[in-house]
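Keep the sequence and the model side by side while reading.

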Amino acid sequence: MIQANVAIVDPACVGRPLTVLVAVDVESERVDLLDAAKASFVAAPEVQQCYYVAGDTDFLLVLTVGSMGEYEAVTRRLFFGNPNVKRFRTFVAMDRVKVGLSSWSPPDADPSSGPGHHPARLS
């Protein structure tokens, strides 16, 4: 199902040349606190993508910013200003090697079989 039709704009052309990935750990996973964190991430225009994940961290964010000074202001607002954020780790992208949200499906996949179903190919 198509969720949106969008134009992909080079962030540098709109004054947002830095891509920053952030791993965020929270103090508590109480539902109300998680929902508040999600809402703050969704509302932040710098956040392009937000994932609530299983594993060694709680959230992975992809942000675009105009400068490291702008990123510092974002950290104060989203992370230091949120008492439920235990810590965050920043990764600044040196090169956007592949960017996209398209989904791939093998040519022989039968969409009527449901998500993740890929029939075996017989020779």
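## Helix 2 and its packing

Helix 2 has these buried residues: Tyr71, Val74, Thr75, Leu78 and Phe79. Buried means under 20% relative accessible area, exposed means over 50%, and partly exposed lies in between (1.4 Å probe, protein chains only). The buried residues of helix 2 pack against strand 1, helix 1, strand 2, strand 3 and strand 4 (85-92). Contact here means heavy atoms within 4.5 Å. An α-helix has 3.6 residues a turn, so residues three or four places apart point the same way.

Phe80 also sits in helix 2. Is Phe80 buried or exposed? Phe80 has a relative accessible area of 61%, so Phe80 is exposed. Leaving aside residues up to four places away in sequence, Phe80 touches Thr75 and Phe88.

## Basis of the model

The model is predicted: local features need pLDDT of at least 70, side-chain atom pairs count only at pLDDT 80 or more, and totals for chains, interfaces and linings use all residues. Residues are numbered from 1 along each chain as its sequence is written, and side-chain values use heavy atoms, with hydrogens and water left out.

## Overall layout

The protein chain has two helices and four strands. From the N terminus on, the order is β-α-β-β-α-β. Helices (H or I, at least four residues) and strands (E, at least two) are DSSP runs, numbered from the N terminus.

The protein chain has 123 residues, and buried residues make up 27% of them. Take the contacts with a separation of 6 or more: residues 24 or more positions apart account for 63% of these.

## Nonpolar core

The largest nonpolar core holds 18 residues. Those with the most contacts inside it are Val22, Val24, Phe41, Phe59, Leu61 and Phe79. Two or more residues each come from strand 1, helix 1 (31-43), strand 3 and helix 2 (68-80). Such a core is a set of buried Ala, Val, Leu, Ile, Met, Phe, Trp, Tyr and Cys residues joined through side-chain atoms within 4.5 Å.

What does Phe59 touch beyond residues up to four places away in sequence? Its partners include Val22, Val24, Leu34, Phe41, Cys50 and Tyr52.

## Thr64 in strand 3

Thr64 belongs to strand 3. Its relative accessible area is 5%, so Thr64 is buried. Not counting residues up to four places away in sequence, Thr64 touches Pro11, Arg16, Leu18, Thr19, Glu46 and Gln48. Thr64 and Ala12 are 52 residues apart in sequence and 9.2 Å apart in space, C-alpha to C-alpha.

## Cysteines

How many disulfides are there? The count is zero, with a disulfide taken as a pair of cysteine sulfur atoms within 2.5 Å. Cys13 is exposed because its relative accessibility is 63%. Cys50 is partly exposed, at 30%.

## Largest pocket

The largest pocket has a volume of about 920 Å³. Of its 28 lining residues, Ile8, Gln49, Val99, Gly100 and Leu101 are the closest to its centre. Strand 1 (18-26), strand 2 (47-52) and strand 3 (59-65) each give two or more residues to the lining. Strand 2 gives the most, with three residues.

The lining divides into 16 nonpolar, eight polar and four charged residues. Ala, Val, Leu, Ile, Met, Phe, Trp, Tyr, Cys and Pro count as nonpolar, Asp, Glu, Lys and Arg as charged, and the others, Gly among them, as polar. A pocket is an open set of points on a 1 Å grid over the protein atoms alone, where a 1.4 Å probe fits, with protein on both sides within 12 Å along at least five of seven lines; lining residues have an atom within 4 Å of a point. Grid points are joined across faces, edges and corners, and a volume is the space filled by probe spheres set on the points.
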